[in-house]
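Here are my notes for your first read of this model. Keep the structure open and check each point as you go.

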Amino acid sequence: MADFLQTLGSGVLVGMVYALLGLGIVIIFRASEAFNFAIGEFLVVGTFLFFILFFDLHLPFLVALPLGLAAAGVAGGVVERLTIKPLLGRSPISMTIVTLGLASLLRASVQLIFGAHAYSFMLELPDITIEIGEILFLSESLWSAILGSGTFVLVLFFLFGTRWGVAIRATSESQAKALAIGIDSRFILLMVWALSAVCIAVAGIAISNFGSLSYMTAIVGMRAIPVVLIGGMDSITGALVGGIIVGVCEAFVGSYVEPMGLVGFKNIAPYILLILVLFIRPYGLFGTVRIERV
Amino acid sequence: MEKRAFAPIVLALTLVVALAAPSASKEIKVLSQFPMSGPVGTLPEFGMGYIDGMNWINSEGGGVNGKKITWFLEDFRYDPTVEVANFNKYCAEHSREEFLMATGYITGGLKPLIEKVNVEEKIPWLDGSYSTEIFGVEGGPDKYPYYYSLGATYGDQMKLLVKWVKENHKGKERPRLGIVYSPTAWGRDGLPEAVAYAKKLGVDVVSQIEYPYTATDATNECTALRKAKAQYVIYHGYSGAASYTAIFFKTAKKILKDVQLMGTHYTTGRFPILVCGDAYDGYVGVATRPFLDAVPREKTPMDNPMVKMSHDFAKKYRPADYAEGGKIKDMFLYMEGLTYALILQEALVRADKAGELTRLGIKKVLDEMEWDFKGLFGGKKFSYRFHTIPMVQYFKAQVKMQKVGEKEVPTGAVLPLGDWINVDEIKW
């Protein structure tokens with residue numbers, strides 16, 4: 001039983017970070033119907049911006065974090081202006097393809113500036129490790145879940161409790177209608193990319209706090225693919241549920257299936273689950289069902 | 001008649017001179033390839049040491065009895081395909097008479113080149129691979145006559161770690177050992193030997209876990225080791241410079257508090273101190289080189305002549321990179337590049353002195369080589385008869401975090417536990 005609870009808890013904790021990654025994808029998709037394949041590179045860039053402020057410039061954590069996230073948001077906005085805005089009005093596929101190129105460009109830039117070796121990364125946050133008998137939840141896991149869920153709640157508040165959020169949601173519903181009632185869709189798109197970059201950077205900081213940061217940390221971004229496809233590409237609830245499902249799936253497979261000899265299965269299990277979900281619900285668990293006339 | 005006879009003689013002489021002329025100006029060419037980027041991290045130090053070594057050899061180091069070496073250096077990005085393609089390219093571009101030696105660095109590159117190197121080209125190939133399959137009992141000079149390794153096999157390294165466990169275990173119950181390895185040919189190398197040897201010595205292998213390079217969290221792995229009640233954990237088949245190593249050690253420090261962490265050559269050294277901090281403290285590892293590069297660097301002991309030579313070279317040729325915070329993060333890597341340059345020179349010089357500066361001639365001198373490698377092993381000589389340099393030493397990490405300004409930084413070193421061990425002399 002202790003084993004089961006340990007595995008379930010570990011999965012939920014890491015799932016909160018995955019949910020945040022999923023949210024980063026979903027809000028862009030809702031606004032532009034494009035999929036950001038550069039999510040891993042956004043994660044690394046955002047985390048390195050925080051790294052510079054906190055580890056290199058030695059700013060206090062509570063100063064470095066908002067500044068770092070603001071910088072990540074600005075970086076997201078700049079990327080949108082340079083690469084996405086020129087494609088407005090074209091097919092979302094064009095934007096999606098651009099993000100593939102963007103991923104290569106950002107990856108190479110990070111390697112050029114920071115090199116490819118790992119940087120030690122420990123935030124030295126207060127130790128909140130929970131240890132009850134055989135059950136152990138590390139402080140880093142708990143902090144990553146706190147950061148992930150905290151940011152998730154803040155973003156929800158922003159989207160559903162502020163005028164900017166209303167404007168974003170209106171643009172997501174219909175760019176044309178939003179324009180008609182005086183919402184600057186172009187600016188909204190910029191804001192969405194910046195917001196997404198912030199979410200992804202928080203996830204990056206939470207994940208890096210397990211030990212280190214390098215350009216290879218970008219691989220975590222790929223976890224967002226099963227998260228949003230299981231949850232539904234345009235569903236914020238789906239991102240949350242999908243994140244937890246993927247985290248729990250990885251944890252259970254790592255604890256119970258891999259020891260049976262299926263080594264490495266943990267990495268592919270979420271994709272197998274994804275296929276099963278898509279067979280039953282092609283638009284994901286919470287995705288909007290679209291019926292198109294052809 | 002005499003005139004008619006004279007013409008062919010002149011022609012023959014002209015031909016002899018024409019053929020002799022190029023051979024007099026024959027170049028001595030060598031190719032070296034290191035993984036300076038890719039999944040093992042950015043490791044330009046390999047190239048820096050090699051470049052400085054080769055430049056020194058050609059300018060002040062005497063060359064090959066006065067002749068210069070034409071050397072080529074490639075970064076194969078830890079990709080066997082690139083390593084193989086580079087070698088094929090150089091074979092196609094340079095003649096066998098000039099292209100005399102090659103070096104590589106990973107098992108993944110050695111395997112596809114078995115036929116090419118040992119049967120077709122017959123070129124002496126020195127490698128950073130410690131593959132048990134290729135250089136161990138099942139392989140070796142009989143099977144792969146042109147392959148040479150610059151270190152003891154992983155099988156021998158793992159067995160030495162098991163031996164250390166047996167000899168240092170306190171308590172009446174049998175020691176419980178866990179093994180964490182990478183899902184690569186490198187990670188799986190030496191495992192069967194270690195498990196069999198553990199059984200022989202009465203050490204229980206209670207867990208074997210594959211931990212991937214893509215890991216972002218090691219909680220599952222460490223929890224599994226805790227469940228198996230492992231007292232010792234060998235971490236094998238990883239780079240000490242990469243994220244996954246930092247994640248594993250930092251997680252293990254919290255979950256496996258009383259467990260002795262251990263490892264093979266590439267997780268012993270300075271880089272893990274930099275990326276793991278005090279989570280690396282107390283680590284016991286084996287290494288095939290003197291990993292004496294302290295943090296901060298000025299505290300490095302300089303009693304090993306080769307270590308001193310490497311530091312002197314780096315200080316002289318790359319002062320900015322050598323300084324703390326510079327590009328040379330780990331002097332082992334710099335020394336490794338230099339080591340390759342020096343062993344290439346030694347082999348070429350010996351072959352030249354023997355009057356047989358050919359691929360076969362170099363192979364002969366390598367097979368008979370007994371050398372102290374400029375004091376690399378504390379004055380002990382090694383023999384290359386089994387095509388490996390069989391010298392290994394135990395090291396223990398001593399790391400402390402110190403406050404420098406506002407920042408906590410790791411300080412310490414891996415320090416030798418005992419003398420160099422010649423694994424060829426051990427009766428397992």
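1. S91(A) caps the N-terminal end of helix α4(A). One of its side-chain oxygens sits 3.0 Å from the backbone nitrogen of I93(A). Remember that this is a predicted model.

2. Check the length of α4(A), residues 92-114 of chain A. It has 23 residues, so at 1.5 Å a residue it should span 33 Å. The C-alpha atoms at its ends are 32 Å apart, which agrees. Just after the helix, G115(A) has a positive phi of about 80 degrees.

3. Which residues of α4(A) are buried? They are M95(A), T96(A), T99(A), L102(A), A103(A), L106(A), V110(A) and F114(A). An α-helix has 3.6 residues a turn, so residues three or four places apart point the same way. The buried residues of α4(A) pack against several elements of chain A, including α1 (2-32), α3 (61-84) and α8 (185-208).

4. Now turn to chain B. The axes of α2 (45-59) and α15 (331-353) of chain B come within 6 Å and cross at roughly 35 degrees. The crossing is right-handed. Among the residues that meet here are D52(B) and W56(B) from α2(B), and Y334(B) and L338(B) from α15(B). The contact residues divide into 13 nonpolar, 4 polar and 3 charged.

5. Is R318(B) buried or exposed? R318(B) counts as buried, because its relative accessibility is 18% and the cut-off is under 20%. R318(B) lies in the loop between α13 and α14 of chain B. Its side chain makes a polar contact with the side chain of D52(B), at 2.8 Å. R318(B) is also in contact with Y334(B), among others.

Notes: Residues numbered from 1 in each chain as written. Chains lettered and ligands numbered in written order. Predicted model: local features only at pLDDT ≥ 70, side-chain atom pairs only at ≥ 80, totals over all residues. Heavy atoms only, no water. Axes fitted to C-alpha atoms, helices over the stretch in contact; angles between N-to-C directions. Helix = DSSP H or I, 4+ residues; strand = E, 2+ residues; numbered from the N terminus. Left-handed = near helix turned anticlockwise from the far one by under 90°. Contact = heavy atoms within 4.5 Å. Nonpolar A, V, L, I, M, F, W, Y, C, P; charged D, E, K, R; others polar. Expected span 1.5 Å × (residues − 1). Buried < 20%, exposed > 50% of the residue type's maximum accessible area, 1.4 Å probe, protein only. Polar contact = N/O pair within 3.5 Å; in protein donor to acceptor, adjacent residues only side chain to side chain.
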